[in-house]
Amino acid sequence: MDMNQIVGSHDILMITLDTLRYDAAVLEEENCPNLCGGGHWEKRHTPGSFTYAAHHAFFGGFLPTPATTDKTGHIRLFHSRNTGMKTHPHTWLFDTPDIVSGLQAEGYRTICIGGVIFFTKKVALARVLPGYFQQSFWRMTFGVTNPRSTEHQVNHALRLLEQTEQNERLFLFLNVSAIHGPNYYYVPGAKRDSIETQRAALRYVDGELGRLFAAMRRRERPVLCLAFSDHGTAYGEDGYEGHRLAHEVVWNVPYREFIL
C-alpha cells in the first residue's frame, strides 16, 4: 500500500500483541476471525527481543521485517526523512524523531493504551514509551496479572472513541498484555505457561478486539490496522525460558496489515 495515500486520509490503529509467538499465532488462525478473518499471519523478524527495545524501534519506524533473505518486495511503511538511506515512493517520510510525533504533526490525535510494565508510568523508565503520545493511559486492570485485561483495555478505548470527534484524525496504539505471561489461567487446570495457554490467551484477545474493530469501522474515515507481536518467548526450547535472548522463537513474530 502507498502510505502517502494512507496518512491523512485514514485513521491508524496499531496493536502490539505482546510476547505472541509466530507458531502459536499460526496455529490459532482459524479461531481468530477478527485478526485473521481476511488473511494469514506473515512471518517476520522483530527488531528487539523484549518490549522496551522493540517498541523503541517500532516508534522509530522500524516495524518487523519479512523473515526472508529476499527483501526486494518489502516496502517500509514509515521512514525518517534525510537519513541517507534509499526509500521507496510508497514509504511515508517523517521529519520528527518518531512516527508518533510525525503523525501528530500531520494533525493526528495520538493515544496510547498501555499493557505491560513498560507502559505503567510508575517509574521514569516506564514513562518513556507512553511519553511519545499526547494521551496515554494505564490501569492495574490493563496489566498482565488481570485475566480480563483486554476487555478492560477495549472498554477504555471505546470510551475514548466516544470523546473523539468523527472528523479528527486518530492514531490509536494498544499494547495488549494478556498474551504475555502469566497466561496459564486461560486454560483451566494449567499450572504453567505454554504454547497451549498462549494460544488460549490469543483466542480471548481476538474475541475482545472485535468490539474495538467494530467501533473503529463506525468512524468517518477508513482505518489502517497494523497488528503484530513485539517478540516471542521460549517455553523450554533448547533449554531457554522467556525472552531477552537470541532464539528463533523470540525473533520470529506474526504480522498483519489490513484496512478495516
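A salt bridge is counted where a side-chain nitrogen of Lys or Arg lies within 4 Å of a carboxyl oxygen of Asp or Glu. In this predicted model, E168 and R109 meet that criterion, with their closest N and O atoms 3.1 Å apart. Because E168 lies in the loop between α6 and β8 and R109 in strand β6, the pair ties together parts that are 59 residues apart in sequence. R109 is partly exposed, at a relative accessible area of 28%.

A search of the whole structure finds twelve salt bridges. One of them pairs R203 with E28, the closest N and O atoms being 3.0 Å apart. This pair also links distant parts of the chain: R203 belongs to helix α7, E28 to the loop between α2 (22–27) and α3 (33–36), and 175 residues separate the two. R203 is partly exposed, with a relative accessible area of 37%, whereas E28 counts as buried at 1% relative accessibility. A further salt bridge joins the side chains of E208 and R211, at 2.8 Å from N to O. Both residues lie in helix α7, three residues apart, about one turn of the helix. E208 is classed as buried because its relative accessibility of 14% falls under the 20% limit; R211, at 30%, is partly exposed.

The strands give the next part of the description. Eight of them form an open sheet of mixed pairing, in the order β3-β2-β12-β9-β1-β8-β6-β7. The edge strands, β3 (65–66) and β7, each pair on one side only. Strand β2 (residues 42–45) runs antiparallel to β3 and is joined to it by two bridges, with R44 standing opposite P66.

Within the sheet, strand β9 (residues 223–228) is mostly covered, six of its six residues being buried. V223, C225 and A227 point one way from β9, while L224, L226 and F228 point the other way. On the β1 side, six bridges join β9 to β1 (residues 11–17) in the parallel sense, and I12 stands opposite L224. With β12 (residues 252–259), β9 pairs in the antiparallel sense over five bridges; here L226 stands opposite E257.

Helix α6 (residues 149–162) has 14 residues and spans 20 Å from its first C-alpha to its last, close to the 20 Å expected at 1.5 Å a residue. Its buried residues are S149, T150, E151, Q153, V154, H156, A157, L160 and L161. These pack against β6, β7, β8 (169–176) and α7 (195–217).

Y235 lies in strand β10 (residues 234–235) and counts as buried at 18% relative accessibility. Leaving aside neighbours within four places in sequence, Y235 is in contact with R21, N183, D193, S194, I195, Q198, Y240 and E241. Y235 and P222 are 13 residues apart in sequence, and their C-alpha atoms are 39 Å apart in space.

At the surface, V123, L125 and V128 form a nonpolar patch, with about 230 Å² of accessible area together. L125 is partly exposed, at a relative accessible area of 44%.

Key: Residues numbered from 1 in each chain as written. Predicted model: local features only at pLDDT ≥ 70, side-chain atom pairs only at ≥ 80, totals over all residues. Heavy atoms only, no water. Buried < 20%, exposed > 50% of the residue type's maximum accessible area, 1.4 Å probe, protein only. Helix = DSSP H or I, 4+ residues; strand = E, 2+ residues; numbered from the N terminus. Pairing = 2+ DSSP bridges. Patch = residues over 30% accessible without salt bridge, like charges linked within 9 Å, V, L, I, M, F, W, Y side chains within 5 Å. Areas by Shrake-Rupley, 256 points an atom, 1.4 Å probe, with all protein chains shown as cover. Expected span 1.5 Å × (residues − 1). Contact = heavy atoms within 4.5 Å.
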